[in-house]
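This report goes through a structure one topic at a time. Please keep the sequence and the model open while reading.

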There are 2 protein chains.
Amino acid sequence: MKKDKILLDHGSGGKISHSLTADLMLPIFDNPILSRLDDGAIFDLEGKRLAFSTDTYVVDPIFFPGGNIGDLAINGTVNDIAMCGATPVYLSAGLIIEEGFSIADLKIILKKMASAAAKADVKVVTGDTKVVPKGAADKIFINTSGIGTINEHVNIASNRACPGDKIILSGSIAEHGITVLTQREGMNFASSLTSDTAPLNNMVGLMLSASNNVHVLRDPTRGGVGTALNEIALSSKVGIRIYEDKIPVKDEAAGICELLGFDPLYIANEGKLLAFVGPDDAEIVLSAMKEDEFGRDSCIIGEVISDSPGKVFMQTRIGGSRIVDMLTGEQLPRIC
Amino acid sequence: MKKDKILLDHGSGGKISHSLTADLMLPIFDNPILSRLDDGAIFDLEGKRLAFSTDTYVVDPIFFPGGNIGDLAINGTVNDIAMCGATPVYLSAGLIIEEGFSIADLKIILKKMASAAAKADVKVVTGDTKVVPKGAADKIFINTSGIGTINEHVNIASNRACPGDKIILSGSIAEHGITVLTQREGMNFASSLTSDTAPLNNMVGLMLSASNNVHVLRDPTRGGVGTALNEIALSSKVGIRIYEDKIPVKDEAAGICELLGFDPLYIANEGKLLAFVGPDDAEIVLSAMKEDEFGRDSCIIGEVISDSPGKVFMQTRIGGSRIVDMLTGEQLPRIC
């Protein structure tokens, strides 16, 4: 049909985005660092191991309960670097602004970026602003890229999940996606949910100090927990089993998902992480996560199995088991 | 009037962009690295001196004689890093694509990015793709950020111009801006001009090997040579004198500028640089620049004077002297 055109699905973070990246982009930019397809690139530069990551934020609406596009853009890249096992240090900010955009709103967004950067203990050190004529962009888009440093003993990658690893989730899911969605024009939910956007680098620091057996870190943003687990299962060539009754979903988020026919496993999070940890260290790492303000509700939601490499299974509340596939199709465009 | 709204001028690279950055952004993101306002940030990370830069490309049209948005995005960030006196090594790419964009066109752009990266000897190691609904962005925008390494003896910054420094320009000006402009819908010039987009890092390497007296490097993109010289005069608190008859402008570019009422000094370039060099080393550096394929037409166009700090003067062909101010107002939106 429309196979020659870019579809919204191509940006979903799910199966079709994955194929765009793996089938179209990787062969063109053929290099081993990019091929890892992790949240950021990891490389040695003059003997120092660094992480480097980029993300563009196109969220709509730009203001939402719990944050705005500004802190989302800072936290998102801080977290992508943290998911490499790195300490984020310096960030860039590239703005595309539509002609006619309110300078007062821009100030609010920039101040939120600055306070988020301060909270995460990173510095925005370089930037760029482009203004496009009215109608050529919708309000404001923000790219942030960032650099972090990696300690020698740290080795985090999406292909390092091992059978036996415990899977820890840092808190309740689906709140960012549902919050943004319910703020869209025309949707009128009386909801007290807020975006969970938050910096996770402090939590990761605590985890990596507590254990050398953290194998994989991933923040389940676009595509949600379901898609993130599938990507890890594929990268590590392992099976994954999770337990529905162990995955925290707030009643309100669960209710709205049910009403709209969404599965919370595929809804974007912005302040949550998944950690794959060797079984002997799982409790130590869990305790470390709970010490951080954004990890209080951390819990073990499943484990890595040696059967069925590349597959994710969920044991349901009623005791059955179902396959959790990668997201297909775009549920929620412009969610981050 | 419309002082509470972002105007196209805010993205021009001229006086109003400068005020947006200096008056609005700097106080919010208060830190000494950002405050330098150079093409990129320079900092020490674990004992290594690095440069870090970001730029977003929103050029319209996305295909133009001499290149497309893909090589423009690679070369632009390669050059921003090179202008820090750094060797660019790793780049990120963040894409915003409008729903319905042609996948064939995307392939052409990505391949051009890859070939430009190969030519500049840098690697694209991390990326991100967002798709927005039809009408929320115009076709495709590309952010590239990049990291480079800086040798110990190198010290390049826009505040280092000294009275007596010779100002070297690497070739003829105004070609990128005029090429893009004449490709816009509705403008029908039969022109053989092409964009000068090119990587300048090899030339910079030759220059820095030849001399330790290169003080300032700047690629005069948005706002052109006129605006770049003004920024350097302000940063370094020096005066600048240039000579109209020494500034190379191809006949065709000069003709179109005259026809449209543009001053070539304010038209964007994408493959040219300005170097401020201690007078004793000017000829050595000039020779080094001419060795590079993109510096064959390099020439000395003026010098730094101790009078009139912050001002740029041009001695005209007929012998008079006029002030070259910073660009005010936006001549050419979406030129890069």
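Which residue in β7(A) is the bridge partner of A:T56? The partner is A:N143, and the strands involved are taken up below.

## Model and confidence

This is a predicted model, in which local features need pLDDT of at least 70, side-chain atom pairs count only at pLDDT 80 or more, and totals for chains, interfaces and linings use all residues. Residues are numbered from 1 along each chain as its sequence is written, while chains are lettered from A and ligands numbered from 1 in the order in which they are written.

The average pLDDT of chain A is 94, and 98% of the residues score at least 70; pLDDT is the predictor's confidence in each residue, from 0 to 100. For the complex, the predictor gives an ipTM of 0.95 and a pTM of 0.96.

## Relation of the two chains

Chain B is superposed on chain A by a rotation of 180° with 0.0 Å of shift along its axis, at an RMSD of 0.0 Å. This is the relation of a two-fold axis. The C-alpha of B:A137 is the one in chain B nearest the axis, 2.1 Å from it. The superposition is by least squares on the C-alpha atoms of residues with pLDDT of at least 70 in both copies.

Both copies use the same surface, as 100% of the contact residues of chain B recur in chain A. Two residues are in contact if their C-beta atoms, placed from the backbone, lie within 7 Å.

## The interface

Chain B gives 66 residues to the contact and chain A gives 66 residues. On the side of chain B that touches chain A, at least two residues each come from α1 (15–28), α2 (32–35), β1, β2, β5 (87–98), α4 (103–120), β6 (123–132) and β7 (140–149). β6(B) supplies the largest share, 10 residues. Helices (H or I, at least four residues) and strands (E, at least two) are DSSP runs, numbered from the N terminus.

By type, the residues on this side of chain B are 35 nonpolar, 18 polar and 13 charged. Here Ala, Val, Leu, Ile, Met, Phe, Trp, Tyr, Cys and Pro count as nonpolar, Asp, Glu, Lys and Arg as charged, and the others, Gly among them, as polar.

## Strand β7 of chain A

Strand β7 (residues 140–149) of chain A is largely enclosed by the rest of the structure, because 9 of its 10 residues are buried. A residue is buried if 20 or more other C-beta atoms lie within 10 Å of its own, exposed if 12 or fewer, and partly exposed in between, with C-beta atoms placed from the backbone.

β7(A) runs antiparallel to β2(A), to which 8 bridges join it; A:T56 pairs with A:N143 there. Strand β5 (residues 87–98) of chain A is also antiparallel to β7(A), through 10 bridges, and A:Y90 has A:I147 as its bridge partner. Two strands pair if DSSP finds at least two bridges between them.

## The β1–β2 hairpin of chain B

In chain B, strand β1 (residues 41–45) and strand β2 (residues 48–57) pair in the antiparallel sense over 5 bridges. B:A41 stands opposite B:F52 in β2(B). The two strands form a hairpin with 2 residues between them, and B:E46 in the turn has a positive phi of about 50°.

B:E46 is partly exposed, with 13 other C-beta atoms within 10 Å. Apart from its neighbours within four places in sequence, B:E46 is in contact with A:K48 and A:T149. B:E46 and B:L8 are 38 residues apart in sequence and 40 Å apart in space, C-alpha to C-alpha.

## Helix α4 of chain A

The 18 residues of helix α4 (residues 103–120) of chain A should span 26 Å at 1.5 Å a residue, and the end C-alpha atoms are 25 Å apart, which agrees. The expected span of a helix is 1.5 Å times one less than its number of residues.

The buried residues of α4(A) include A:L106, A:I109, A:L110 and A:M113. After α4(A) comes A:D121, with a positive phi near 60°.

## Backbone details in the loops

A:D60 and A:P61 are joined by a cis peptide bond with omega near 5°; A:P61 is in the loop between β2 (48–57) and β3 (63–64) of chain A. In chain B, the peptide bond between B:D60 and B:P61 is cis, with omega about 5°.

A:K237 is not a glycine, yet has a positive phi of about 55°. A:K237 lies in the loop between α7 (224–236) and β10 (239–243) of chain A, and is exposed, with 11 other C-beta atoms within 10 Å.
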